[in-house]
Amino acid sequence: MRELRIHGRGGQGSVTAAELIAVAAFESGVYSQAFPAFGVERRGAPVQAFVRFSDSKIRLRSQVYEPDYVIVQDSTLIKDVNVFQGLKKGGIAIINTEKAPDNLPEDVRVLTLDATKIALEVLGVPITNTTLIGAFAAASGEIELDALEKALRQRFAGSLADKNVAASRRAYDGIGGGA
Amino acid sequence: MLQITEGSHAVAEIAKFCRPQVVAAYPITPQTHIVEALADMVANCELDAEYITVESEFSALSACLGASAAGSRVYSATTSQGLALMFEVCFNVAGMRQPIVMSIVNRSLGAPLSIWNDQQDSISLRDSGWLQFYAEDNQEATDLHMIAYKVAEDHDVLLPAFVCFDGFILSHTYEPVDMPSQEEVDAYLPAFTPYHRLDAKDPISMGMYATPDYYMEFRYELERAMQRSIDVIKRAGAEFAEQFGRDYSALVESYRLDDAEIAFIAMGSICGTVKDAIDEMRDAGKKVGLAKIRTYRPFPTEELTRALAGVSTVAVLDKNISLGSGGAVGTEVKAMLAGSGITVLDYIIALGGRDVRKRDIAAIVDLADKGVGDMFYGLRTEVL
């Protein structure tokens with residue numbers, strides 16, 4: 001079983017990101033489970049959401065403490081929250097930032113991208129969740145690009161779906177997906 | 001068809017497929033997604049039902065009671081303080097033998113205010129005469145609604161039913177659920193045939209007052225119906241297994257209990273985490289198992305006693321506390337196993353949404369090994 005923890009701020013769509021990833025993973029042919037850290041969500045407050053991936057039915061219900069993957073939607077969280085806590089050796093952290101943060105942990109793979117820039121250019125709003133899912137798909141190999149597109153088109157309608165698909169593809173290509 | 005969906009949406013979908021004619025509910029976290037979805041379904045003409053909007057849970061269940069007495073299949077959903085506000089009506093629904101099915105999205109009770117999960121809400125209604133089913137995952141939550149209607153409406157039972165599933169932990173989780181089609185649900189669950197109903201052409205009265213000459217007999221009949229429901233649940237579960245391949249013919253699910261020395265007893269979503277922890281402990285040579293209670297009312301005394309034969313210690317995980325006594329399930333298990341020689345230890349756990357990890361389950365086995373129990377597990381002593 002592999003586990004993902006998403007860090008964001010209330011309003012950035014971290015819970016939606018977890019749900020989209022779980023749907024895409026299911027469409028890719030594995031068992032998946034997505035759930036939020038059940039907080040009293042306030043816009044701007046640190047929030048977490050989780051996804052599990054497994055080849056068999058998932059029974060475990062605890063929160064994720066030792067993730068294989070971490071997504072950080074907002075790099076300013078790093079000074080408030082230990083986003084790398086428990087990240088497994090060899091695990092992958094995907095961080096939305098203009099420049100690589102200092103003091104990154106060793107023994108993990110840190111990938112940075114300016115998802116806000118991509119989101120602003122493609123979507124016209126600084127909502128980075130679908131862009132970061134594209135990066136996650138490329139870096140982790142947990143979800144297939146076609147399955148992600150299907151999940152996005154289930155969730156969003158019309159041109160909004162097109163834009164979110166485009167944003168996720170741009171991040172996917174930027175991270176070197178399919179390579 | 002296997003699909004991935006949020007627990008609340010799976011429950012709303014199966015509620016729709018059960019073809020309720022009347023839905024009355026009042027939104028409350030974490031039940032809201034269910035009743036929002038049902039309101040949409042009625043508005044979109046996907047569900048041919050009367051959706052009664054009300055100003056409180058008391059009115060919601062009162063409207064349900066009237067609709068059920070008039071001969072309709074009725075659905076509602078609530079949680080926590082909402083269920084507490086229904087307390088009086090719950091006893092009336094059972095006393096008038098109306099087979100209403102209500103989803104309980106389990107949540108703790110205030111004060112202090114908490115929106116998070118434990119099972120204090122439904123446990124506190126244990127004496128109300130409602131059947132109580134508990135689901136481990138969203139598949140079971142979905143399936144148990146069909147079974148609940150079938151059992152509740154059986155003329156040998158005629159009791160209302162709670163289908164309980166853990167708030168947030170299941171209700172807000174996306175996971176795969178094998179959702180039956182409308183045709184499959186229709187094949188399993190026939191239309192509601194009321195035993196008696198309010199009819200202006202053939203008037204009867206329900207919920208009359210009973211003098212001391214009659215009251216006890218009404219309560220006795222309720223208890224008899226509860227006892228008869230055991231066989232009806234087994235039969236409905238077996239029929240379900242035959243049609244859908246998932247077996248709910250037992251009121252208690254045994255997990256790795258053969259040769260177990262320590263057995264857990266638990267209800268709801270915690271059972272999944274317990275099973276994973278048991279697999280790890282078994283790999284390390286610990287003889288541990290689980291008796292999962294699916295039906296808390298009627299209490300499965302006979303099945304549970306049989307499942308636990310041979311174990312030396314039972315560790316009961318109670319997501320509730322009967323203040324001044326102990327965990328509600330633990331207390332009953334102690335009474336049930338009195339004189340058996342089996343040690344029963346109770347652990348109050350996960351109140352108000354405190355997370356439970358596999359290592360907590362392993363730690364409880366260590367405590368049980370030493371005979372340490374009848375305690376709150378996982379207290380933050382530094383804040384006491």
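Tutor: Let's start with B:Ser68, which sits in helix α3 (residues 57-69) of chain B; helices here are DSSP runs of H or I with at least four residues, strands are E runs of at least two, and both are numbered from the N terminus. Keep in mind that this is a predicted model, where local features need pLDDT of at least 70, side-chain atom pairs count only at pLDDT 80 or more, and totals for chains, interfaces and linings use all residues. On bookkeeping, residues are numbered from 1 along each chain as its sequence is written, chains are lettered from A and ligands numbered from 1 in the order in which they are written, and side-chain values use heavy atoms, with hydrogens and water left out.

Back to B:Ser68: its relative accessible area is 2%, so it is buried (buried means under 20%, exposed over 50%, partly exposed in between, with a 1.4 Å probe and protein chains only). Setting aside residues up to four places away in sequence, B:Ser68 touches B:Val74, B:Gln98, B:Pro99 and B:Ile100, where contact means heavy atoms within 4.5 Å.

Now hop to B:Asn106, in strand β5 (residues 101-106) of chain B. B:Asn106 counts as buried because its relative accessibility is 0%. Its contacts, again not counting residues up to four places away in sequence, include B:Thr79, B:Tyr134, B:Cys164 and B:Phe165.

Next come the charged side chains. Side chains of opposite charge can pair when their charged atoms come close. The rule used for a salt bridge is a side-chain nitrogen of Lys or Arg within 4 Å of a carboxyl oxygen of Asp or Glu, and it gives 42 of them over all chains. One joins B:Glu253 and B:Arg294, at 3.2 Å from N to O. B:Glu253 belongs to strand β9 (residues 252-255) of chain B, while B:Arg294 is in the loop between β11 (288-293) and β12 (295-297), so the bridge ties together parts that are 41 residues apart in sequence. How covered are the two partners? B:Glu253 is partly exposed at 22% relative accessibility, whereas B:Arg294 is buried at 4%.

Another bridge pairs B:Arg256 with B:Asp279, with the closest N and O atoms 3.0 Å apart. This one also links distant parts of the chain: B:Arg256 is in the loop between β9 and β10 (262-266), B:Asp279 is in helix α10 of chain B, and they are 23 residues apart. B:Arg256 is partly exposed, at 38% relative accessibility.

Some bridges share partners, and in that way B:Glu136, B:Glu140, B:Glu253, B:Lys275, B:Lys292 and B:Arg294 are joined into one network. Take B:Lys275 from that group: you'll find B:Lys275 in helix α10 of chain B, and at 6% relative accessibility it counts as buried. Leaving out neighbours within four places in sequence, B:Lys275 is in contact with B:Glu136, B:Glu253, B:Tyr255, B:Leu290 and B:Lys292, and also with A:Arg59 from the other chain.

That last contact leads us to the interface. The size of an interface is often given as the accessible area lost when the parts come together. Here chain B and chain A bury about 2,100 Å² between them, 58% of it on carbon and sulfur atoms (buried area is the accessible area, with a 1.4 Å probe, that two parts lose on being put together, summed over both). Of the area that chain B buries against chain A, 28% comes from B:Ile4, B:Tyr174 and B:Asp355, more than from any other three residues. In total, 27 residues of chain B and 21 residues of chain A take part in the contact.

Charges meet across this boundary too: the rule finds four salt bridges there. B:Glu175 makes a salt bridge with A:Arg61, their closest N and O atoms being 2.9 Å apart. Which elements of chain B give two or more residues to the side that touches chain A? They are β1 (2-6), β8 (174-178) and α10 (270-283). Helix α10 of chain B supplies the largest share, five residues.
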